[in-house]
Amino acid sequence: SRELEALAAREYRAGRPEAPAVRVARQERVAQLRRAAGQAEASILRYKARLGAEERPGWLGVAARAAETFTASEERSARVLWTRLRQADPWDALRQDAASLLRLGSNVTLARGYLQLSSSSRLVPHAAAIVARAAKLERHAPGILLAVDRDGILELVEPHLDEVLQRFDQIEPHLPFVLDHVDVLAPHVGVILKH
């Protein structure tokens, strides 16, 4: 919003020193506006999902819509895998990712945690992209589980998961910060990825 931009610009204005109480009040208002923007973006995503769900009668319509959604997600996910295999030695990449998946799967506590996520079924269409990045994701898996285990976080991130995994090399250095502040950042994933 314009108010947020004005308050943020005011922070960088040089010249007059700002009273501590004024600075605290301005920072509090900026934080409040950012939270409101995050809530608005989450509402927009929910409305988009509701608009995208066509009304088809009966269980056959529900199954057809689910199949279309799965196919579209899987196509994006497969694109991440093929891009990864083209960038590196394909056999070496597959060997590293397979070894990482075996290590992750043998960690019973971690595997159980991912399987018990309330919306773990949302990860299935992204399996190819997750496999393609398993070697990189392995060391972050416990932190990611703790972050997405909170209510609503996976639902906000999942529509952008393939792009996140596609650009994981750029995102990985910032991942500890992202995981620490996932509650604030998750509603803005789409906007953050555009920049």
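Trainee: What does V148 touch, skipping neighbours within four places in sequence?
Mentor: V148 is in contact (heavy atoms within 4.5 Å) with L117, I153 and L154. Mind that this is a predicted model: local features need pLDDT of at least 70, side-chain atom pairs count only at pLDDT 80 or more, and totals for chains, interfaces and linings use all residues. Residues are numbered from 1 along each chain as its sequence is written, and side-chain values use heavy atoms, with hydrogens and water left out.

Trainee: Which residues of α8 are buried?
Mentor: A141, I144, L145, A147 and V148 are buried in α8. Buried means under 20% relative accessible area, with a 1.4 Å probe and protein chains only. Helices are DSSP runs of H or I, at least four residues, numbered from the N terminus.

Trainee: Why are they on the same side of α8?
Mentor: Because they cover an arc of only 165° around the axis. The arc is taken from the directions from the helix axis to the C-beta atoms.

Trainee: What covers them?
Mentor: The cover for the buried residues of α8 includes α4 (90-106), α5 (108-115) and α9 (153-157).

Trainee: New topic. Where is R133?
Mentor: R133 lies in the loop between α6 (127-132) and α7 (134-137).

Trainee: Buried or exposed?
Mentor: R133 is buried, because its relative accessible area is 5%.

Trainee: And what does R133 touch?
Mentor: Not counting residues up to four places away in sequence, R133 touches R84, D97, L165, Q166, F168 and D169.

Conventions: Helices (H or I, at least four residues) and strands (E, at least two) are DSSP runs, numbered from the N terminus. Buried means under 20% relative accessible area, exposed over 50%, partly exposed in between (1.4 Å probe, protein chains only).
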